[in-house]
Amino acid sequence: YNKLNTIGIDVVAMNVNDIIAGGGNPLFFMDYISLDKMDKNKCLQVIQGINRGCSIAKCPLIGGETAEMKGMYKNNKLDVAGFCVGEKKYNVLKKNEMKMGSIIYGIPSNGIHSNGYTLVREILDNMEMNGEYISNKLIEELLVPTRIYTDVLKLYEEHPDKILGVAHITGGGYKDNITRIIPDNLTYKLDNWELPEIFQWIKVKSNLTIEEMR
């Protein structure tokens with residue numbers, strides 16, 4: 001859909017959010033853009049998004065690389081990557097203090113966070129094949145850039161003794177990411193909550209169960 005001015009926020013977010021979940025404070029970011037043929041307008045849009053993401057994360061963009069790789073990419077295709085360096089400041093994993101009755105607190109996303117677009121693309125392909133109308137409003141909703149959770153750092157400052165573990169829910173969903181940070185002798189239970197509209201739409205269109213959605 002050629003909406004290139006926000007994907008830079010996504011690439012910053014997927015780096016920065018991992019660092020924050022590990023108790024780190026993001027220090028700086030570097031980017032890498034590769035494309036079939038140099039296009040200054042496209043690159044400028046992507047870099048504007050990266051700069052916006054870095055601004056939200058309070059993490060300067062200190063450099064990057066742009067590579068023209070004809071033959072490696074299809075016409076008009078590009079790849080965006082990057083990495084972030086952070087400083088670990090907070091001890092946010094205290095497995096020995098977790099016990100039965102500890103509470104899992106969820107901080108909501110603002111939409112789809114990079115993982116899951118394979119499924120979304122399949123849904124859109126099926127809609128196109130069936131002649132279903134795909135509105136601009138739907139596309140805008142699907143492409144909302146990933147939330148950058150810098151506000152969590154304030155929680156670390158205010159509640160240093162009460163936060164016993166943090167999981168960034170990405171690939172593997174709740175099961176893999178929560179299980180990884182709790183002791184082997186504990187399990188967890190998630191109460192049902194009302195899914196945001198975009199996730200309700202995905203659930204209906206994909207015919208997934210709530211467990212599969214999680």
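Q: What makes the reach of α1 close to the expected one in this predicted model?
A: The helix α1 holds 15 residues and spans 21 Å between its first and last C-alpha. The expected span is 1.5 Å times one less than the number of residues, and for α1 this gives 21 Å, so the reach is close to expectation.

Q: Where does α1 bend, and by about how much?
A: The bend lies at Ala13 and amounts to about 25°.

Q: Why is α1 called largely enclosed by the rest of the structure?
A: A residue counts as buried under 20% relative accessible area. Twelve of the 15 residues of α1 are buried, so the helix is largely enclosed. Among the buried residues are Gly8, Asp10, Ala13, Asn15 and Ile20. Their cover includes β1 (24–35), α2 (40–57), β3 and α5 (152–158).

Q: What follows α1?
A: Gly23 follows α1, and its phi is positive, near 85°.

Q: What makes a residue part of the lining of the second largest pocket, and how many residues line it?
A: A lining residue has an atom within 4 Å of a pocket point. By that criterion 24 residues line the second largest pocket, with Tyr1, Leu4, Ile7, Arg121 and Leu143 nearest its centre. Elements giving two or more residues to this lining are α1 (7–21), β3 (78–88), α3 (117–129) and α4 (136–142). The largest share, six residues, comes from α3. The pocket has a volume of about 1100 Å³.

Q: Which classes of residue make up the lining of the second largest pocket?
A: The lining comprises twelve nonpolar, eight charged and four polar residues.

Key:
Residues numbered from 1 in each chain as written. Predicted model: local features only at pLDDT ≥ 70, side-chain atom pairs only at ≥ 80, totals over all residues. Heavy atoms only, no water. 1 Å grid on protein atoms, 1.4 Å probe; cavity = no way out; pocket = protein on both sides within 12 Å on 5 of 7 lines; lining within 4 Å. Points joined across faces, edges and corners; volume = space filled by probe spheres on them. Helix = DSSP H or I, 4+ residues; strand = E, 2+ residues; numbered from the N terminus. Nonpolar A, V, L, I, M, F, W, Y, C, P; charged D, E, K, R; others polar. Bend = angle between axes of the 7 residues up to and from the residue. Buried < 20%, exposed > 50% of the residue type's maximum accessible area, 1.4 Å probe, protein only. Contact = heavy atoms within 4.5 Å.
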